[in-house]
Structure formats: C-alpha cells, structure tokens
Amino acid sequence: DAFISEYDLSQNVIFLPRVADDNALTRLYNQAKMLVCASTVEGNPRVTIDAMACAIPVISTRVGIMPDVIQNGENGLLVDWSSDDLAQAIQHLLEDDTAYQQIAEAGRKSVLRFDADTMIERYAKAYHDIIEQNQKRPT
C-alpha cells in the first residue's frame, strides 16, 4: 500500500490474507491485544462484536450501534474521531491491566445476547407472539 510505504510503516503493519473459516478468525482475534474500530461510518461493525465475544477489549468511535453496545469504560471504550482520543484510549488499555481485564470480561458477557442460538430463540418467540396476538383479534 502506498500510504504504508510513504510513511515507512512496513515494520508496524501486517496485511493478512482472508481467513479460511470461523476457527481461523477466532484464532486471530485471540492473538490480538485489542481491537480498534476507528470508522467514521458504520451500521453494525460485526468485527467489534466478534472481538468482544473473544474477550478482546474494543475501542470504537460512536458509529452505528456501538453506543448501544458499549457502555464507555465498562465493556469497551468509546472515542471521538480525533487521533488524540484514540491514542489515549489505546494507551489506557496498554498501561492499566486491571481496566484491560475488566473491560475484556465485561465485553464478552455483554455480547452473549448476540449468540446465534439466543437470537434464533428470540426471533422465534417474537414470531409466536405475533401469531398469538393475531389469533386473538376478532375477524
């Protein structure tokens, strides 16, 4: 990438090929120290939920559903779109092992609601509730 070359970042950036499957992706998450989502526009950045499920602390900008998922300082860190805010959040997690561990575990617990079986069960219940409500309506 031209940007990497121009700023001599080749020692700091590694481009990984597409992973083969979910197991390979999980192994990559578990090798990470943290995940940073510095997007300016997102809907539901799945990568953040996946990382949290692997107990990897997440730092994210306030995009998409992130303000609904992350309680700042509890199960992740929310930052503004400035490089200073981002750098401070990264430094905080690197230097404060207690905060790092607490955020990692709280993040994992907070995304259990997105588990596939749980989501399917919730959708099924919602559909059953709709059917039940419609059956009670007079025709």
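I looked up charges over rings (NZ of Lys or CZ of Arg within 6 Å of the ring centre and within 35 degrees of the ring normal). K33 lies over the face of Y100, 4.5 Å from the ring centre.

I note that this is a predicted model, where local features need pLDDT of at least 70, side-chain atom pairs count only at pLDDT 80 or more, and totals for chains, interfaces and linings use all residues. Numbering starts from 1 along each chain as its sequence is written, and side-chain values use heavy atoms, with hydrogens and water left out.

Next, I checked aromatic pairs (ring centres of Phe, Tyr or the six-membered ring of Trp within 6.5 Å; planes under 30 degrees apart are stacked, over 60 edge-to-face, the rest tilted). I found 1. The ring centres of F3 and Y7 are 4.7 Å apart and the planes stand at 40 degrees, so the pair is tilted. F3 is partly exposed at 47% relative accessible area, and Y7 is partly exposed at 48% (buried is under 20%, exposed over 50%, partly exposed in between; 1.4 Å probe, protein chains only).

Then I turned to nonpolar cores (buried Ala, Val, Leu, Ile, Met, Phe, Trp, Tyr and Cys joined through side-chain atoms within 4.5 Å). The largest has 15 residues, and M66, V69 and I70 have the most contacts inside it. Helices (H or I, at least four residues) and strands (E, at least two) are DSSP runs numbered from the N terminus. β1 (35-37), α3 (46-53) and α4 (66-69) each give two or more residues to this core. α3 gives the most, with 3 residues. Another core, of 9 residues, lies apart from it and includes M34 and Y100.
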